[in-house]
Amino acid sequence: MSDHWQYLLVLAACLTITAPLEIFGRGVYQRPKRVLVAILPVAAVFLLWDELAVAARIWTYNPAYITGWTIPIRVPIEEVLFFLVIPLCALLTYNAVSTIIDRVKRQ
């Protein structure tokens, strides 16, 4: 396996592991507008931050672990997906845990 796919594979694993949590929670995937409003503004800020850090040579990405595909501001596609996937996984986890705790409290 090529190392260039590792970042994407880790993100895919995160989604795969947390996707089943949807059955416990309050329907994260059923409310896409709410998810986008929660994730996109923060992702935009961090993507800009990453671009500024790369431009200032404060931060870089190891080319051995990324595909080389970038968005116009020179941020690797893996980093863009990171700022979308990880918060989505966090929302799934939070909603599932909250729902389970609520159910236990009602018993």
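Student: Is Ile 23 buried or exposed?

Tutor: This is a predicted model, in which local features need pLDDT of at least 70, side-chain atom pairs count only at pLDDT 80 or more, and totals for chains, interfaces and linings use all residues. Residues are numbered from 1 along each chain as its sequence is written, and side-chain values use heavy atoms, without hydrogens and water. Buried means under 20% relative accessible area, exposed over 50%, and partly exposed in between (1.4 Å probe, protein chains only). Because its relative accessibility is 66%, Ile 23 counts as exposed.

Student: Where is the place of Ile 23?

Tutor: Helices are DSSP runs (H or I, at least four residues), numbered from the N terminus. Ile 23 is in the loop between α1 (6-18) and α2 (32-55).

Student: How are the rings of Phe 46 and Phe 83 arranged, and which class does the pair have?

Tutor: Rings of Phe, Tyr and Trp (its six-membered ring) pair if their centres lie within 6.5 Å; planes under 30 degrees apart count as stacked, over 60 as edge-to-face and the rest as tilted. Phe 46 is partly exposed at 32% relative accessible area, whereas Phe 83 is buried at 13%. The ring centres of Phe 46 and Phe 83 are 5.6 Å apart and the planes are at 20°, so the pair is stacked.

Student: Which helices hold Phe 46 and Phe 83?

Tutor: The pair links distant parts of the chain, 37 residues apart. Phe 46 lies in helix α2, and Phe 83 in helix α3 (residues 77-106).

Definitions and conventions:
Helices (H or I, at least four residues) and strands (E, at least two) are DSSP runs, numbered from the N terminus.
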